[in-house]
Amino acid sequence: MGEFARFGFNDLLYLVRGAYTTIQLCGIAFLFGGLLGIIVGIARSNHKITAFRWIAGVYIEIFRGVPLLLQLIIGYFAPSVLGWDISVFLAVSIVLCLYTGAYLGEIFRSGLESIHKEQWEAASSLGMKYFQSLRYVIIPQGVRVIIPSIIGFLVALVKAICLVSILNVVDLTLAAQRVAVRAYVPLLAMGSAALIYFVICYPLSKIGQRLEAQSKRSEA
Amino acid sequence: MIMVEIKEVHKSFRDLHVLRGISMDVREGESVVIMGPSGSGKSTLLRCINYLEPIDAGSIRVDGELLTPKMSTRLAKLHKLRERIGFVFQRFNLFPHLTALDNVSLALKIVKKIGPEQAEEIAIRCLEQVGLKDKISSYPDQLSGGQQQRVAIARCLAMEPRLILLDEITSALDPELIKEVLEVLARVSRSGMTMIIITHELKFAKESADRICFFYNGKIIEEGAPEQIIESSQTAEAKRFFQALT
């Protein structure tokens, strides 16, 4: 029980700052990776232009096939080898965006393809163009299908981001490690970090469940 | 004036030669009914007329626009053309995430660029025409099959098309719901709309069609006035088909 005595307010603050970095990285990855994913998903489900489909396919397979840790390490070293002067934070952000783009791209593709061909035909028979059909007919229906997968990925992403601690980016996991060592409070530091991860992820799952239930209700 | 002019159209799906040289004309204001056994190419022809399917050979002229083999189905002029051609599908194909009102008004707003208030006014008027004024805020899955198909007809009428293509629009309906849809259709036909209708409803064909084209194996093997085709068909294939229906 001596751990409680050694665990000070500053340590807690340090953990919260680490959590903030984790959330920041997650937000950046989700926002820019999401935009990238939309483009990739549309390219992947486009059956007219095979070149787009092919390029998007290769991209997805590479980023889903290589361990995220390895991607992060490559992203860490590549800029200095190539002579680019960018911060480690920016480098890992870029890697996380590319990683997220690949996963979300595949999820968006599955959503777009879950919509029956007849919906496309109904839209074009009314004179809608490709992007109008996508925007007003296909995407609104596809989104409902993929909400659970997106939330699932997001929860996994929050936890996967702990890998950046290997590269000295002070996320929640590295912050906890440092506090644990500095004040010698291993259980308390790691336990608090676990609790903070839970506090981030649990509401996400709950929101996902609610959105899913909502879309089921409007279909019933 | 000729609204649709079809010349020697051929269409294959891989090894399956579905249309084997179809030629037919449809004049403005005419209601032409296409009948024939399933697999005879009726639906394929309808889909070729608004170029949801590209044709392999021959030509189709619709409302002045020439459609030629192997054109891309996404050409800009096709969007313009489809704005003027209504299509009603066998399985309705309403947009399930939109209310009846939005189903009808969506294309008015984004394709015809009509302001939202005016678009909704038109949509309400069209839903009224098909007897569904009280259902404007219902979603498709809250409507019966017959009501859904009437919304689909309203969606099509709202665009003020020059031509309407109807692909077996009562085949997916329970018998007691067919009547309400056919009544709406007969009214549209009387209003002078040009229509090409695939149907198995003999009574409707007799009462509302100006002409029947009988399809068999990718060809039109008989064509003429409804009474003549249904009651005194010349070919054995048509005789067998109509006997089975009556």
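Trainee: As what does A:Cys162 count, judged by its relative accessibility?

Mentor: The relative accessibility of A:Cys162 is 24%. Buried means under 20% relative accessible area and exposed means over 50%, with partly exposed in between (1.4 Å probe, protein chains only). A:Cys162 therefore counts as partly exposed.

Trainee: On what kind of model do these values rest?

Mentor: Residues are numbered from 1 along each chain as its sequence is written, while chains are lettered from A and ligands numbered from 1 in the order in which they are written. Side-chain values use heavy atoms, without hydrogens and water, local features need pLDDT of at least 70, side-chain atom pairs count only at pLDDT 80 or more, and totals for chains, interfaces and linings use all residues, since this is a predicted model.

Trainee: How many disulfides does a search of the whole structure find?

Mentor: A disulfide is a pair of cysteine sulfur atoms within 2.5 Å. The closest cysteine sulfur to that of A:Cys162 is in A:Cys201, 11 Å away, which is too far for a bond. B:Cys48 is likewise too far for a bond, because its closest cysteine sulfur, in B:Cys213, is 15 Å away. Over all chains, the number of disulfides found is zero.

Trainee: How many of the eight residues of H1(B) are buried?

Mentor: Helices (H or I, at least four residues) and strands (E, at least two) are DSSP runs, numbered from the N terminus. The buried residues of H1(B) include B:Leu45, B:Leu46 and B:Ile49, and B:Cys48 is buried with a relative accessible area of 0%. After H1(B) comes B:Tyr51, with a positive phi near 60 degrees. The helix is mostly covered, and of its eight residues the number buried is seven.

Trainee: With which residue does A:Glu121 meet in a salt bridge across two chains?

Mentor: A salt bridge is a side-chain nitrogen of Lys or Arg within 4 Å of a carboxyl oxygen of Asp or Glu. The N to O distance is 2.6 Å, and the partner is B:Arg47. Because A:Glu121 lies in helix H6 (residues 117-125) of chain A and its partner in helix H1 (residues 42-49) of chain B, two chains are joined by A:Glu121 and B:Arg47.

Trainee: How far apart are the closest N and O atoms of B:Lys80 and B:Glu83?

Mentor: Both residues lie in helix H2 of chain B, three residues apart, about one turn of the helix. B:Lys80 is exposed, with a relative accessible area of 52%, whereas B:Glu83 is buried at 14%. They form a salt bridge whose closest N and O atoms are separated by 3.3 Å.

Trainee: Which residue pairs with B:Lys77 in a salt bridge?

Mentor: The closest N and O atoms of this pair are 3.7 Å apart, and the partner of B:Lys77 is B:Glu65. B:Lys77 lies in helix H2 (residues 76-84) and its partner in strand S5 (residues 65-67), both of chain B, so the pair ties together parts twelve residues apart in sequence. B:Lys77 is partly exposed at 33%. Also partly exposed, at 22%, is B:Glu65.

Trainee: How far from B:Arg155 is the nearest side chain of opposite charge?

Mentor: B:Arg155 is found in helix H5 (residues 145-158) of chain B. Its side chain reaches the backbone oxygen of B:Asn93 at 2.9 Å, a polar contact (N or O atoms within 3.5 Å; within protein, one able to donate a hydrogen and the other to accept it, residues adjacent in sequence counting only if both atoms are side-chain atoms). Lys and Arg count as positive and Asp and Glu as negative, with His and the chain ends not counted. B:Arg155 is buried yet has no salt bridge, and A:Glu118, the nearest side chain of opposite charge, lies at 9.9 Å.

Trainee: In which sense do S9(B) and S10(B) pair?

Mentor: Two strands pair if DSSP finds at least two bridges between them. Strand S9 (residues 211-216) of chain B is largely enclosed by the rest of the structure, because five of its six residues are buried. Four bridges join it to strand S3 (residues 31-35) of chain B, and these two run parallel. With strand S10 (residues 219-224) of chain B, S9(B) has five bridges, and the sense is antiparallel.
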